[in-house]
Amino acid sequence: MSQHWTAEQTAHPDATNENWAIIYDPTPGGRERSDGTRAFAFRFPALLISDQVDNPEKAAKDIARKLNIIEELAESLSK
């Protein structure tokens, strides 16, 4: 299962709380082209971690992990 959601620090201008964010990547690892090169999709911060969170790194990683679990479950149910 590809991990579409990751917890990373971002340079987004509105980011606070150590700049932690939940990043969405529609094609993790990229897509192989016919000529053997890789194409990468647009990755973006889908959620910035609020100043109200005491441990922004842990919160971001927990949220990303749960989003990946939900996405994997939804994918398996759609088969």
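## Salt bridges

In this predicted model, the side chains of Arg-38 and Glu-32 meet in a salt bridge, with an N to O distance of 3.7 Å. Arg-38 counts as partly exposed, at 41% relative accessibility, whereas Glu-32 is exposed, with a relative accessible area of 52%. Elsewhere, salt bridges that share partners join Glu-8, Asp-25 and Arg-43 into one network. The count of salt bridges comes to 5.

Because Asp-25 lies in the loop between E2 and strand E3 (31–32) and Arg-43 in the loop between E4 and E5, the pair ties together parts that are 18 residues apart in sequence. Asp-25 is buried, with a relative accessible area of 10%; this value falls under the 20% limit for burial.

## Sheet and helix

Strands E1, E2 and E5 form an open sheet of 3 strands in the order E1-E2-E5, with antiparallel pairing. Its edge strands are E1 (5–9) and E5 (44–48), each of which pairs on one side only. On average, neighbouring strands of the sheet are turned by 40° against each other, direction ignored.

The antiparallel pairing of E1 with strand E2 (residues 20–24) extends over 5 bridges. Within the sheet, Gln-9 stands opposite Trp-20 in E2. Helix H1, which comprises residues 56–77, lies across E1, E2 and E5 and runs at about 20° to E2.

## Nonpolar core

The largest nonpolar core has 6 residues, namely Trp-5, Trp-20, Ile-22, Ile-49, Ala-60 and Ala-64. Strand E2 and helix H1 each supply at least two residues of this core.

When neighbours within four places in sequence are left aside, the contacts of Ile-22 include the core residues Trp-5, Ile-49, Ala-60 and Ala-64. Ile-22 is also in contact with Thr-6, Phe-44, Pro-45, Ala-46, Leu-47, Ile-63 and Leu-67.

## The loop between E1 and E2

Thr-10 is located in the loop that connects E1 and E2. What is the relative accessible area of Thr-10, and is the residue buried or exposed? The value is 15%, and Thr-10 is buried, because buried means under 20% relative accessible area.

A polar atom of the Thr-10 side chain lies 3.1 Å from the backbone nitrogen of His-12. Not counting residues up to four places away in sequence, Thr-10 touches Ala-15, Asn-19, Ala-21, Pro-45 and Leu-48.

How values were computed: Residues numbered from 1 in each chain as written. Predicted model: local features only at pLDDT ≥ 70, side-chain atom pairs only at ≥ 80, totals over all residues. Heavy atoms only, no water. Pairing = 2+ DSSP bridges. Helix = DSSP H or I, 4+ residues; strand = E, 2+ residues; numbered from the N terminus. Axes fitted to C-alpha atoms, helices over the stretch in contact; angles between N-to-C directions. Contact = heavy atoms within 4.5 Å. Salt bridge = Lys/Arg side-chain N within 4 Å of Asp/Glu carboxyl O. Buried < 20%, exposed > 50% of the residue type's maximum accessible area, 1.4 Å probe, protein only. Core = buried A, V, L, I, M, F, W, Y, C linked by side-chain atoms within 4.5 Å. Polar contact = N/O pair within 3.5 Å; in protein donor to acceptor, adjacent residues only side chain to side chain.
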